[in-house]
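I opened this model to take notes on a few places in it. The entries below follow the order in which I looked things up.

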Amino acid sequence: MLPSPLTADQLYRRCDAAALPFASTAELAPADGPLGQDRAVAAVRFAIGMRSSGYNLYALGPVGTGKLALVRQFLAQAAAEQPVPDDWCYVNNFAEPHRPKALRLPAGQAQAFRKEMEHLVEELAAALPAAFEGEEYRTRRQVIEEQWKERHEAAFGEVQKRAAEHSVALIRTPVGLALAPVRDGEVLSPDEFGKLPEDEQHRYKAVMAELQEQLEHTLKALPQWERQQREQIRQLDREVAAWVIGHVMEEMFNRHDRLPQVKEYLEAVRADAVETVDEFLKPPAEDEKLPLRARRILSEGGQFRRYKVNVVVDRDAQSGAPVIYEDHPTQANLVGRVEHIAQFGALVTDFNLIKAGALHRANGGYLILDARKLLTQPFAYEELKRTLRAHEIRIESPYQSLGLNSTVSLEPEPIPMDLKIVLVGEPMLYYLLSHHDPDFPVLFKVAADFDYRMERSEDTVVGFARLVARVVSQEKLKPFGRSAVARLVEHAARLAGDAEKLTTHVASIVDLVRESDYWAGQDGVVQVEAPHVQQAVDAQVYRSDRVREHIQEEIARGTILIDTAGAVVGQINALAVWQLGRFTFGKPSRITCRVRMGKGEVVDIEREVQLGGPLHSKGVLILSSYLSSKFGLDRPLSLSASLVFEQSYGGVDGDSASSTELYALLSALAEVPIHQNLAVTGSVNQYGQVQAIGGVNEKIEGFFDVCCARGLTGEQGVLIPAANIRHLMLRPDVVDACAAGRFHVWPVETIEQGIELLTGVPAGATDDKGEFPPGSVFRKVAARLGSFARKARAVSAAEEGKNGK
Amino acid sequence: MTAAPPLARVLVALDASPLSLAALQAATLLARRAGAEVTGLFVEDVNLSRLAGHPAATSISLVGGLRRDPDHQILEHALRVQLAAVRRAFADATGPLEQASKFLVRQGRVEAELLAAAADADLVLVGGCGRPETMVPLVRLGSIARAVVAGTARPVLVMRHSLPAAQPIAVLYDSSAAARRALALASNLAAATGVRLDIIAPAADPAAARAREAEARALVEPILLAVGSHPATLAEAGRRRPALLVLPVSARHLLEALPCSVLVVP
């Protein structure tokens, strides 16, 4: 039995504005949560609640479904009730300066501690010179110096005295000290010496040898004395410095009594300041020979940079746990980095140049990352995983990790990490990661799967209206009247591609709400109504449909050959869907089929030239199989058929044209013409059942536009799979034309129904003898195939006869 | 006020030691201010010449502690190098001066030659010690400096370090005639170099010190000089490390103990 054309109600499920329980969105409380994402919401809540390791979250869903906003909203709510995490600073490690220490301080205290340390340095710079200028220190130092000076003098004085007693002089020469015999203060000349009695000469020599011995002894002791003197002075310095520093720092120690780590650091500061007290006593290096810029760099941060506190995480004035979204998740932006400054052509660094990353800022809370951005940043994903596994943030450049960095750099102490990572991204990335990365399922145990559509019910429609109310309220738009909301609901169903569903693609809806408000504003009204929404939809289409219009124009002009009247054997109107950006539209295409005697093959010309995708090829193979099972059970199929998408200059994929191709093939075989006022879409299985396809609305509208341009005759229409009825949300003009009987949409379940609608000739069913009724399409097909088979046999016999000779 | 001793001829003893070179710098500075003539004197020590090749003399290196006989060639070479260095330093220092300068080389005993030359000078500058500053001083004051201060009736400036710029000059005022001359000379120097003059007035008791301080100020004030003054002990005076301390000859005995440069005014 042939199906009837669909009624207007079946072609478009209206949203009854009168049934909506509000007059305008002004009466509605704005939506406070996500729309139609119950599963995702449950997953996000679960992930927030699970504090165990590895329960990080991946929010997957199509772009524009409001994943990020939802995740942020829920995390912010949860974070507000959680404690503010600690502050973190990096400070100098006095024992190993290339390994700066990480200091944890209660939230909001790091800046205060930094200022305390600055103040301490100022205090020491004032107090230490004062102490060392003091009377007591100077006297004690002078005493030490005097003691050693006296010791020197005594030692050399002894030599000099003994020398003088024996008329020998101790003389300083440019090359050392010399001993020589003297008389009246003058050295005896060699001649004078030679004239001395021999005994006298011997006496001189003996005395001088002895004096030289003594002098050598004294000279050897000198360096040791100097060391001892320096050590005594150093000891004195340490004593004075320790007293002053201890006094100045006492208050700090008391203040941080409960923070052992801070106390330990302060101890190290105290010990270092005592050891390097000289620096507090000298004025800052001011070498006039250095260029001004160099001096400025050297003095930057003062000479006491090592006592500075580098606050990397400051929670002052924060409430609750942090929720951080890192928009640019490079490796360095995640784990932080050690910066360098150029000094005299060399790059130098210290702990003051350590910069925190997003992980530091989010520590103790939540870090949201865009999965695609994360994966496209070199080293970032691997670094994030390493950090999650180790539960600590280690600042390391990729070059260091790879061992490529040969220059000296810092190895800052890792900071313990306790945070939850939320990746937001497309489903495909989630599936790829799950499949290819063994770490991923371990580290991201929770998936929040965002749906792209939701049920269309009274509740969801009201929820949808509240969503509109929220946008209106947030963006201060004009309220939407119930007719406008109803039209929005209908458009949401169209976007979902299903009359029984609504899209959850919030971004599209929000855009449409804004644009409708704009058109209402152009009209100068205070409330948005259905015509404004329609205008916004039409304007969106108009802005995007240049290509569609060109195609329609070329069809109308006959450049692209599409017949909408008459009947032709082996020629049928198929329907394809084109997607350009976010705009999709239907494009009618002509499929033709030619048959001849052959070896039972159906040639898909698209596939032969590699323009057909695998799904398309599959569809053609299925229809071949259908043909074989329908007509080739008792004899070989001796046909050769060629199927082609005419005027197709790009690839074709999908199996939605397989039923269409089958109709063309049957028409060609039966030599029964197909009505060109009809177009067809639908895939077919091996049993001849017509199956649902996608883009049904666009396809129908595509053929309608062609017919409309040439004038609707009342005979034109489209055959669609019956399973697609629920997806119909056609354009108002199409619905109106159908309602007026000027255009038709037939739901088809089987090939038999379809071929009869297309040719006006019944398909025919086999009788008890397995024969199709006379005049039916299948009878003609069977007859044609029988004729091919006979001819094939004759040809074969003739060939064999020839070969027998 | 007592007139300051005239400052027309400045003699500086040179031996290439760092302090003698500091003395040369100070000499040219003072000479430029006062328009005085500078004479540099290098004495080839007769004792050193005699050491070379002496059959009995022995020598020991201060650097390596090695014993060896004085080598005639090495000593001569070292002396030549010293002389060349001093000559060059003198030429460099006095080159920019407008007034006359001369460089003398004498042979003989250093003290004797210096004292002889000092007789014609208004101011004598000597290094406090011939050894480099970095070495541990073997004696507080070098024998040459001590001999010159003791042996001449001219003002002697004993350098213990380079003269730092823009630091006050201190003068010790004990009411003696030499102290008045010292005060006058110090005032002139302070005025010429544009620095403050600190008057230190030591006395047995605070009242006497204040009186002496007032007396000194009264002498200086007509010159409209920036003056600081305070009663103090002598030990304090030395520890203040002024750029230069001007002492009357009556306080000459302090010279040994003071770490700063000292100008002794007879």
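**Strand pairing across the chains**

I began at A178(A), which stands opposite S59(B) in β3(B). The model I am reading is a predicted one. I then looked up the strands around this pair: β5(A) is joined to strand β3 (residues 58–60) of chain B by 3 bridges, and the two run antiparallel.

**The interface as a whole**

Next I looked up how many residues take part. I found 38 residues of chain A in contact with 33 residues of chain B. The size of an interface is often given as the accessible area lost when the parts come together. Here I noted a buried area of about 3,400 Å² between chain A and chain B, with 57% of it given by carbon and sulfur atoms. Which three residues supply more of the area that chain A buries against chain B than any other three? I wrote down R172(A), V175(A) and Q212(A), which supply 18% of that area.

R50(B) forms a salt bridge with E186(A), and their closest N and O atoms are 3.0 Å apart.

**A threonine in α7(A)**

I stopped at T218(A), which is found in helix α7 of chain A. Is T218(A) buried or exposed? It is buried, because its relative accessible area is 7%, and the cut-off for buried is under 20%. A polar atom of the T218(A) side chain lies 2.9 Å from the backbone oxygen of Q214(A). Leaving aside neighbours within four places in sequence, I found T218(A) in contact with A155(A), F156(A) and V159(A).

Most residues other than glycine have a negative phi. I looked up two residues with a positive value.

- H391(A) is not a glycine, yet has a positive phi of about 55 degrees. I placed H391(A) in the loop between α14 (380–390) and β14 (392–393) of chain A. H391(A) counts as partly exposed, at 41% relative accessibility.
- Q647(A), also a residue other than glycine, has a phi near 50 degrees, a positive value. I placed Q647(A) in the loop between β24 (639–645) and α25 (658–670) of chain A. Q647(A) counts as partly exposed, at 25% relative accessibility.

**Chain B**

Of the 266 residues in chain B, buried ones make up 50%. Among the contacts in chain B with a separation of 6 or more, 73% are between residues 24 or more positions apart.

What does L7(B) touch, not counting residues up to four places away in sequence? I found A34(B), A36(B), D122(B) and L123(B). I also noted that L7(B) and R33(B) are 26 residues apart in sequence and 10 Å apart in space, C-alpha to C-alpha.

Terms used:
Residues are numbered from 1 along each chain as its sequence is written. Chains are lettered from A and ligands numbered from 1 in the order in which they are written. This is a predicted model: local features need pLDDT of at least 70, side-chain atom pairs count only at pLDDT 80 or more; totals for chains, interfaces and linings use all residues. Side-chain values use heavy atoms; hydrogens and water are left out. Contact means heavy atoms within 4.5 Å. Buried area is the accessible area (1.4 Å probe) that two parts lose on being put together, summed over both. A salt bridge is a side-chain nitrogen of Lys or Arg within 4 Å of a carboxyl oxygen of Asp or Glu. Two strands pair if DSSP finds at least two bridges between them. Helices (H or I, at least four residues) and strands (E, at least two) are DSSP runs, numbered from the N terminus. Buried means under 20% relative accessible area, exposed over 50%, partly exposed in between (1.4 Å probe, protein chains only). A polar contact is a pair of N or O atoms within 3.5 Å; within protein, one must be able to donate a hydrogen and the other to accept it, and residues adjacent in sequence count only if both atoms are side-chain atoms.
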